[in-house]
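Biologist: Could you walk me through this protein, and tell me the rule behind each word you use?

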Amino acid sequence: IVLASRIYVIAGGSGSGKTTLLNLVRRSPCANAVVPAKYSNRPNRGSGDDVVHVEDDINSSEYSFVYSMQDNFYGFRLSEIVDPLKKGENVFLVLSDIRVISQFKAFFGNFVSVVYLFRNMSEEEFEGIMEERRSRQNDSNSKGINIRRNRHYLIQRQYIENIALFD
């Protein structure tokens, strides 16, 4: 079975499995998957980083669907989403900004399916995931765990309040 040409948005909080799912999709030949670059001015996180680092202004006209998270900006290039669709390929994105998910749905209409991943985990499990990620990225800033934890709960609440966006 080959999926129809669509945009699949994978959303969820930190540690929910977004990147794990995306990696599984990438390896599946029936997914016919393309993962467009996500551009950001955030610091490089080392191996396994899922963004293309740019020094430019992400708010420039070169990028569409721009959003900010933790003082960093992110954006996609419209052509890197539209061109694969024209070739009959499926576009998969990891995106956790409700406003931008709404923009995707408004712009692309029925070509967009949004999946929210929820992982019920204890505080200890969450901190373990964040510590492992921090050590893998050689990050000595423990403040980031608290920021991610707060954002994790905020994202859950936002998704519950905007449940109609999800398929």
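This is a predicted model: local features need pLDDT of at least 70, side-chain atom pairs count only at pLDDT 80 or more; totals for chains, interfaces and linings use all residues.

Biologist: What makes up the protein, counted in helices and strands?

Modeller: The protein has five helices and eight strands. In order from the N terminus, the elements read β-α-β-β-β-β-β-α-β-α-β-α-α.

Biologist: Why is the pair of F65 and F104 called stacked?

Modeller: Rings of Phe, Tyr and Trp (its six-membered ring) pair if their centres lie within 6.5 Å; planes under 30 degrees apart are stacked, over 60 edge-to-face, and the rest tilted. The ring centres of F65 and F104 are 4.1 Å apart and the planes meet at 20°, so this pair is stacked. F65 belongs to strand 5 (residues 64–69) and F104 to helix 3 (residues 98–108), so the pair ties together parts 39 residues apart in sequence.

Biologist: How do you know whether F65 and F104 are buried or exposed?

Modeller: Buried means under 20% relative accessible area, exposed over 50%, and partly exposed in between (1.4 Å probe, protein chains only). F65 has 10% relative accessibility, so F65 counts as buried. F104, at 0%, is buried as well. Across the 167 residues of the protein, 42% count as buried.

Biologist: What makes the planes of F65 and F107 count as edge-to-face?

Modeller: Their centres are 5.8 Å apart, with 85° between the planes, and that makes the aromatic pair edge-to-face. F65 in strand 5 and F107 in helix 3 are 42 residues apart, so this pair links distant parts of the chain. One aromatic cluster is formed by F65, F76, F104, F107 and F108, and the structure holds ten aromatic pairs.

Biologist: How do the residues lining the second largest pocket divide?

Modeller: They divide into ten nonpolar, one polar and three charged. Here Ala, Val, Leu, Ile, Met, Phe, Trp, Tyr, Cys and Pro are nonpolar, Asp, Glu, Lys and Arg charged, and the others, Gly among them, polar.

Methods: Residues are numbered from 1 along each chain as its sequence is written. Side-chain values use heavy atoms; hydrogens and water are left out. Helices (H or I, at least four residues) and strands (E, at least two) are DSSP runs, numbered from the N terminus.
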